[in-house]
Amino acid sequence: MDRPSADDNLHRIDLNLLVILKTLLETRSVTKTADRRQMSQPAVSRALAKLRRVFDDALLVKAGTVMRPTVKGSELLEPIQRALAGISDVFATRSDFDPSSSERVFRIATTDYGATVILPRLAHLVTSEAPRTSLEITPVDAQTFRSLGEVNIDIALYSDNPLPPSLRTRDLFRERFACLVRAGHPAVRRSADGRMHLKDYLAFSHILVTVVGGRTGPVDTALAALGHTRHVAVRIPYFATAALVASTSNLVLTIPRRAAENFSGDRRLRLIEPPLELPNFDYRMVWHERTHSEPGHAWLRRLVLKAARSDASH
């Protein structure tokens, strides 16, 4: 027959009984133990009877007018004192997060779109409030949302695409699309009021940014509803690299507007409005339930929200 494990033994005893045993071994008196623990003497005697059954030992015995611990009782005092001190430390441990002294590493999964539109402001906020912490940015991939349930990633920045139900989300902003083309692109010269003609949009080939490797995107869905298709010449998972490709070709890049505006600071690029209605989408931060109440994590979420809302003018 298998011997009981340490966990099995823990089920056999009430923690309060160990507190009473510690006091009994220290005071060697039922009366003093009752006073210290604010219990009745009969209640202490009943607890001692239970402890004797648990440990299969008398623990304390009468010796004239006092009680003396047995050999077993004497052996138990020090480990019980250590164990209860350790448990007290667990409950006394403060879970507060002090940004000014923390050296914690926070890990955020995002595409370079999220990094472009949120990270500059977020890095400033984090280093201002918590100069000794660090941010590590990792790419969004097929394992991202599984990693949120473990220890690899604190927060993911992601669109309003479907997510596992175990994850929490907070909308950061509502986003729309814009086009980027090279300066001097024929479609810019022929545009009306800063909007590309649909004829030009269909005539030129396109760059598709697809983070998870899809063959089409929301632009293709919107075009299909109008009975049109486009030719995608380049599929790439990086927004910044896609903008670089657009700046040196006649390819058309349609991406979220905040990223397009950031990249349009490059003199080689021009921002132009798409010729058709494209769906807006919500951009969110995503985290796991297990970290929701942790103070450091809550602090990071607050700064991410503040960094995103600093672009409220969009």
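This is a predicted model: local features need pLDDT of at least 70, side-chain atom pairs count only at pLDDT 80 or more; totals for chains, interfaces and linings use all residues.
Helices (H or I, at least four residues) and strands (E, at least two) are DSSP runs, numbered from the N terminus.

**The largest pocket**
- The largest pocket holds about 620 Å³ of space, and its lining is made up of 28 residues, among which S159, N161, V209, P218 and F239 lie nearest its centre.
- At least two residues of this lining come from each of the strands β5 (155-159), β8, β10 (252-256) and β12 (281-288), and likewise from helix α11 (218-225).
- Sorted by class, the lining of the largest pocket comprises 17 nonpolar, 9 polar and 2 charged residues.

- Strand β8 (residues 206-209) runs parallel to β9 and is joined to β9 by 4 bridges, and I207 stands opposite V234 in β9.

**Helices α3 and α4**
- The axes of helix α3 (residues 30-37) and helix α4 (residues 41-55) come within 9 Å and cross at roughly 110 degrees; angles of 65 to 115 degrees count as roughly perpendicular, and α3 and α4 are therefore roughly perpendicular to each other.
- On the α3 side the contact is made by V30, T31, T33 and A34, and on the α4 side by Q41, V44 and S45.
- The residues of this contact of α3 with α4 divide into 3 nonpolar and 4 polar, with no charged residue.

Definitions and conventions. Residues are numbered from 1 along each chain as its sequence is written. Side-chain values use heavy atoms; hydrogens and water are left out. Axes are lines fitted to C-alpha atoms, for helices over the stretch in contact, and angles run from 0 to 180 degrees between N-to-C directions. Angles under 35 degrees count as roughly parallel, over 145 as roughly antiparallel, 65 to 115 as roughly perpendicular and the rest as oblique. Contact means heavy atoms within 4.5 Å. Ala, Val, Leu, Ile, Met, Phe, Trp, Tyr, Cys and Pro count as nonpolar, Asp, Glu, Lys and Arg as charged, and the others, Gly among them, as polar. Two strands pair if DSSP finds at least two bridges between them. On a 1 Å grid over the protein atoms alone, a cavity is a set of points where a 1.4 Å probe fits but cannot get out, and a pocket is an open set with protein on both sides within 12 Å along at least five of seven lines; lining residues have an atom within 4 Å of a point. Grid points are joined across faces, edges and corners, and a volume is the space filled by probe spheres set on the points.
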